[in-house]
Amino acid sequence: MIAAAGGDVGQTLADAVIHEGMMATTVTFGARARALTGRHRFDLMILDAVVRPEDALHLCRQIRTLSTIPIIAVVAQGREDIILAAFESGADDCVSSPFGTREMIARIRSVLRRASHDRAMHSLPKPFRFNGWRLDTWQRTLRRPDGAVVNVTAAEFDLLVVFCQNPGRILSREELLSSTHAGLAGPIERSIDVHISRLRHKIEDNPHNPSLVKTVRMGGYFFAAVVETDG
């Protein structure tokens with residue numbers, strides 16, 4: 001089931017989704033959206049950030065503190081600043097408006113495929129451990145060395161899993177995007193950098209001088225930690 005939050009764009013998307021045989025509902029920004037997502041199990045949320053981008057981004061941040069539900073933000077064409085702000089707020093994908101219905105349905109299906117991707121995580125070793133941190137692929141939780149749970153987005157979690165699977169290996173942005181569904185926004189390749197930056201602020205002692213997630217000039221990123229598993 002899909003929730004579409006916002007005005008006319010939200011209703012248009014809901015109609016398109018229903019036409020494709022999926023279930024959808026529309027909600028307004030604010031308490032009703034938060035309450036609805038808290039009471040019902042949705043597979044995806046679409047936020048209309050065209051007319052009221054600040055309200056949409058605020059709602060995105062609030063939902064992200066409560067849930068790892070995949071979020072697609074719809075933004076006005078040419079507003080790369082809003083696209084990047086949406087990723088920073090926890091969105092998993094962004095689409096520029098106006099958009100074609102077929103493109104949007106394709107994006108939605110791509111994001112929904114994450115559900116099967118997540119289920120595949122259950123076959124991975126659990127947990128991964130690095131520098132005192134604990135990454136549990138079954139419960140999809142990240143715990144600090146003191147045991148506290150750290151809230152991460154679905155994209156950030158997937159990135160960390162890929163890094164733990166490939167410690168010390170240089171991973172290009174294209175590989176990370178492909179492996180994690182972390183940035184389905186097409187030409188906005190900088191989205192992966194935004195996700196990496198957010199992840200660093202959560203796991204690095206000094207995110208401005210990272211010791212775990214290293215940048216390779218013209219190459220991509222590599223994970224410098226020693227990774228262990230419980231088998």
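Start with Ser89, which sits in helix α4, residues 80–89; helices here are DSSP runs of H or I with at least four residues, numbered from the N terminus. This is a predicted model, where local features need pLDDT of at least 70, side-chain atom pairs count only at pLDDT 80 or more, and totals for chains, interfaces and linings use all residues. Residues are numbered from 1 along each chain as its sequence is written, and side-chain values use heavy atoms, with hydrogens and water left out.

Is Ser89 buried or exposed? Ser89 is buried, at a relative accessible area of 6%; buried means under 20%, with a 1.4 Å probe and protein chains only. Setting aside neighbours within four places in sequence, Ser89 has contacts with Leu57, Cys60, Arg61, Arg64 and Arg198, a contact being heavy atoms within 4.5 Å.

Now the helix pair. Helix α3, residues 53–66, packs on α4 at an angle of about 20 degrees, and the axes are 9 Å apart. That makes α3 roughly parallel to α4, the term for angles under 35 degrees. On the α3 side are Pro53, Leu57, Cys60, Arg61 and Arg64, which meet Ile82, Ala85, Ala86 and Ser89 of α4.

Last, α6, residues 154–165. Its twelve residues reach 17 Å from first C-alpha to last, close to the 16 Å expected at 1.5 Å a residue, that is, 1.5 Å times one less than the number of residues. Eleven of the twelve residues of α6 are buried, so this helix is largely enclosed by the rest of the structure. Among them are Phe157, Leu160 and Cys164.

Key:
Helix = DSSP H or I, 4+ residues; strand = E, 2+ residues; numbered from the N terminus. Buried < 20%, exposed > 50% of the residue type's maximum accessible area, 1.4 Å probe, protein only. Axes fitted to C-alpha atoms, helices over the stretch in contact; angles between N-to-C directions. Parallel < 35°, antiparallel > 145°, perpendicular 65-115°, else oblique.
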